[in-house]
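User: I would like to learn how to read helix packing, a chain interface and a nonpolar core. Could you take me through them on one example?

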Amino acid sequence: MQRQVVFNARFLPYLLLAPQLVVTCVFFFYPAAQALYQSAFVADPFGLKSSFVGFANFKFLFLDPYYLASFQTTLVFSGLVTLFAMSLALWLALLADRLIHGDNAYRTLLIWPYAVAPAVAGVTWMFMFRPGVGALSWYLEQAGYQWNYVLNGGQAMALVAAASAWKQVSYNFLFFLAGLQAIPKSLLEAAAIDGAGFWRRFATIVFPLLSPTTFFLLVVNVIYAFFDTFGVIHTITSGGPQQATTTLVYKVYADGFVGQDIGSSAAQSVVLLFLVGALTVVQFRYIEKKVHY
Amino acid sequence: MRPANGRRAGGFLLTHAGLLAGVLVTCFPLYIIFVASSVSHDEIARPPLPMFPGDRLWENYAAALKAGVNIPVWRMLYNSTVMALGITVGKLAISIVSAFAIVYFRFPLRMFFFWAIFVTLMLPVEVRIVPTFEVAAGFGLLNSYAGLIFPLIASATATFFFRQFFLTIPNELAEAARVDGASPMRFFWDIVLPMSRTNIAALFVILFIYGWNQYLWPLLITTEPEMNTIVMGIKQMFPSGDDVADWPVVMATAILAMLPPVCVVIGMQRLFIKGLIDSEK
């Protein structure tokens with residue numbers, strides 16, 4: 001898109017762009033370049049000097065069972081979060097869409113978790129399920145269920161996924177509701193008159209027309225689960241037990257700041273860079289498609 | 001007609017029952033920590049947690065605000081406010097002028113700059129943690145408000161949001177301004193900025209929540225408790241080792257950490273939904 005009417009000035013546009021470009025270069029491009037550079041070096045244990053090793057950090061990374069395990073953890077985690085957050089939100093949006101009045105009160109009560117920080121959501125869910133003090137863990141124990149997410153990796157994964165999904169439902173709900181309200185009511189009424197029941201209308205009209213929204217949310221939810229859930233994991237499990245909840249982003253932090261393995265952490269950053277890049281391209285292609293939709 | 005009406009009423013009830021179940025699941029965690037923030041420590045140490053709020057609400061919140069664990073919570077609230085407002089205002093300011101430059105001027109390297117801003121979408125702070133921290137430390141930004149704010153204020157999202165909006169401003173307005181001999185900056189102050197009011201407000205809501213909820217970056221950049229923000233400070237209140245946490249105070253802090261962004265979302269719901277849905281277009 002181009003504008004026909006423009007102003008003429010030689011230096012002004014550069015001046016207007018300067019603040020954003022300076023911040024972008026100093027805090028985005030330079031650190032990203034540093035990550036690329038550091039990923040080709042290995043520092044000695046005292047951090048005094050580092051030597052060039054080429055791709056050895058990457059080779060080491062992809063032979064490291066812990067790193068491969070964290071890949072798998074990330075996939076399971078984002079699969080769980082996306083599935084729960086999206087199906088619950090779609091269900092609630094379908095219900096809210098049926099109401100003509102009174103959907104505002106429900107909307108307010110459903111969307112507020114969007115505003116809760118991932119770390120605070122983590123603290124909240126941790127407290128509910130903490131063995132010994134938690135409000136719900138006690139009932140689980142009374143019911144004879146061996147609940148201890150501090151020791152049980154599967155339970156730890158379920159807990160961080162539940163807390164992350166709980167926070168994301170509100171976002172998906174708003175987008176699904178907007179998508180549903182954009183579907184022409186005349187289509188649905190025509191189908192209803194022809195005798196199509198709720199599920200048939202859902203399968204043949206609603207779901208196909210909702211598919212751009214669904215696809216968009218799929219990408220957004222995966223990005224959320226990959227990158228925005230650090231706070232949830234750090235407050236509930238710190239990646240444990242035995243790395244059962246160490247996602248790729250958590251491992252960059254753990255290796256870079258706790259383990260001080262700068263070369264490996266930088267190589268992991270570069271891998272993540274490619275992952276984000278791929279996801280953004282997918283998202284961008286979707287946006288382009290939507291224009292022609 | 002009766003069976004049809006009967007089915008309708010049944011569907012109506014089921015719809016409300018389903019939505020109420022959703023509300024219950026959504027709000028239950030909030031209720032639990034609210035109850036936990038209103039009882040004494042002993043009541044939490046002896047599960048189960050009481051069903052209803054206790055009588056120590058004011059004591060617990062006063063204890064959190066005045067004393068906290070490492071640092072009074074009022075101080076963390078203050079730090080969070082400065083950081084959230086700094087990030088919000090900074091992002092809005094630098095994005096609106098750069099979007100103005102990209103839309104209303106033709107100059108060499110324009111598309112190059114546009115793409116340079118766009119690719120920052122692909123560089124969330126989580127993927128470049130160590131080098132960004134080193135840069136910030138090199139500038140002496142550790143334990144400072146500048147360090148909490150500046151590395152987070154570049155925003156491709158806000159720039160695109162404003163660009164999309166500027167493209168909808170009728171050409172005639174700019175044409176008229178040019179014919180009248182108004183300078184570009186005069187056009188910006190007198191026409192573009194007033195017209196953008198609603199969009200700025202909508203984005204303000206989204207960015208304030210983003211700024212307030214930052215966790216990883218404050219965790220790295222602040223090492224002194226005096227500079228902790230409330231969202232990252234809660235985790236610092238957990239006991240180390242075998243110590244027993246002061247759970248009522250920690251839960252009161254969690255409620256206080258949620259309160260400002262949740263109030264913003266509920267109070268400015270229309271703007272919030274507009275900002276959220278428009279900025280993804």
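Predicted model: local features only at pLDDT ≥ 70, side-chain atom pairs only at ≥ 80, totals over all residues.

User: How do I describe two packed helices? At what angle do helix 4 and helix 8 of chain B cross?

Analyst: Two packed helices are described by the angle between their axes and the distance between the axes. Here, the axes of helix 4 (residues 73-104) and helix 8 (residues 156-166) of chain B come within 8 Å. They cross at roughly 45 degrees. That makes helix 4 of chain B oblique to helix 8 of chain B. The crossing is right-handed.

User: Which residues of the two helices meet?

Analyst: Helix 4 of chain B brings residues including Leu92(B), Ile96(B), Phe100(B) and Val103(B). Helix 8 of chain B contributes Ala158(B), Thr159(B), Phe162(B), Arg163(B) and Phe166(B). By type, the residues of this contact are nine nonpolar, three polar and two charged.

User: Now the interface. How many residues of chain A are in contact with chain B?

Analyst: The size of an interface is often given as the accessible area lost when the parts come together. Here we count residues instead: 75 of chain A are in contact with 77 of chain B. Helix 1 (residues 12-38) of chain A supplies the largest share of chain A's side, 18 residues. That side divides into 58 nonpolar, 15 polar and two charged residues.

User: And the core? Which residues touch the most other members of the largest nonpolar core?

Analyst: In soluble globular proteins, nonpolar side chains tend to be buried together. The largest nonpolar core here has 161 residues. Val120(A), Phe173(A), Phe100(B), Val231(B), Ile234(B) and Ala254(B) touch the most other members. Leaving out residues up to four places away in sequence, Ala254(B) touches Val120(A), Val123(A), Thr124(A), Ile33(B) and Ile234(B).

Note on methods. Residues numbered from 1 in each chain as written. Chains lettered and ligands numbered in written order. Axes fitted to C-alpha atoms, helices over the stretch in contact; angles between N-to-C directions. Helix = DSSP H or I, 4+ residues; strand = E, 2+ residues; numbered from the N terminus. Parallel < 35°, antiparallel > 145°, perpendicular 65-115°, else oblique. Left-handed = near helix turned anticlockwise from the far one by under 90°. Contact = placed C-beta atoms within 7 Å. Nonpolar A, V, L, I, M, F, W, Y, C, P; charged D, E, K, R; others polar. Core = buried A, V, L, I, M, F, W, Y, C linked by C-beta atoms within 7 Å. Buried ≥ 20, exposed ≤ 12 C-beta atoms within 10 Å, placed from the backbone.
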